[in-house]
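Here is a friendly briefing to read alongside the model. Please keep the viewer open as you go through the points below.

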Amino acid sequence: NITRTAKDQAERLHKEDVWAEIVLRLQAQASTPGDFAAVHVCPESNTDIPDTDEARLVILHPKVAHKRGTDAVAKTFAHKATEHRSTANRTNRNMLVYLAADEARLEELDNAVRDYLGWSHVLANEADLDLTKNQKDQATQRQATANQTVKLRLLQSFTWALIPSQPDAGAPF
């Protein structure tokens, strides 16, 4: 049964495989920077974010999610990246805006991506699975539906804008 094959493949995926698909989709979305000078998608460290006097959007990696009311990993990464570039102090701290995924929504996105990749696996291995025309049509339709779900959930997941502020000049940001 191809539905079982797709589900088994989805369950076998490592979270890094799922994250790679999410990163690819984010990179495709970031090709137009809008009002920002540039968009940096999923930098691995603060070294990957230039220190310039132009506003930049930093879309954080899915492994760096945010949860309201906590010192989430996203907040920690954003704080470190705002303070420093590599080991040097960052000069243009007020030029960075971070976009992070909501921790709860990320789980829904993860499930949708797994579903999409499971159906993609079925279609990529149609000869080995000896799919009938009917089964191939079903897999194509299910992959398209899963792809739409991923697109919607991607937009719904990255909802946190983390913006460094310093209301009191003498206090830390």
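**The sheet and its surroundings**

An open sheet with mixed pairing is built from 4 strands, ordered β1-β2-β5-β6. At its edges are β1 (38-41) and β6 (158-162), each pairing on one side only. Direction ignored, neighbouring strands of this sheet are turned by 25 degrees against each other on average. This is a predicted model, where local features need pLDDT of at least 70, side-chain atom pairs count only at pLDDT 80 or more, and totals for chains, interfaces and linings use all residues. Residues are numbered from 1 along each chain as its sequence is written, and side-chain values use heavy atoms, leaving out hydrogens and water.

**Strand pairing**
- Strands β2 (residues 56-59) and β5 (residues 96-101) pair in the parallel sense over 4 bridges; two strands pair if DSSP finds at least two bridges between them.
- R56 has L96 in β5 as its bridge partner.
- Helices (H or I, at least four residues) and strands (E, at least two) are DSSP runs, numbered from the N terminus.

**Helices on the sheet**
- Helix α2 (residues 15-29) lies across β1, β2 and β6, and runs at about 175 degrees to β1.
- Helix α3 (residues 73-83) packs on the sheet and touches β5 and β6, with its direction at about 160 degrees to that of β5.
- Axes are lines fitted to C-alpha atoms, for helices over the stretch in contact, and angles run from 0 to 180 degrees between N-to-C directions.

**A look at N147**
- N147 sits in helix α6 (residues 133-157).
- Leaving aside residues up to four places away in sequence, N147 touches R25 and Y116 (contact means heavy atoms within 4.5 Å).
- Between the C-alpha atoms of N147 and E108, 39 residues apart along the chain, the separation is 13 Å.
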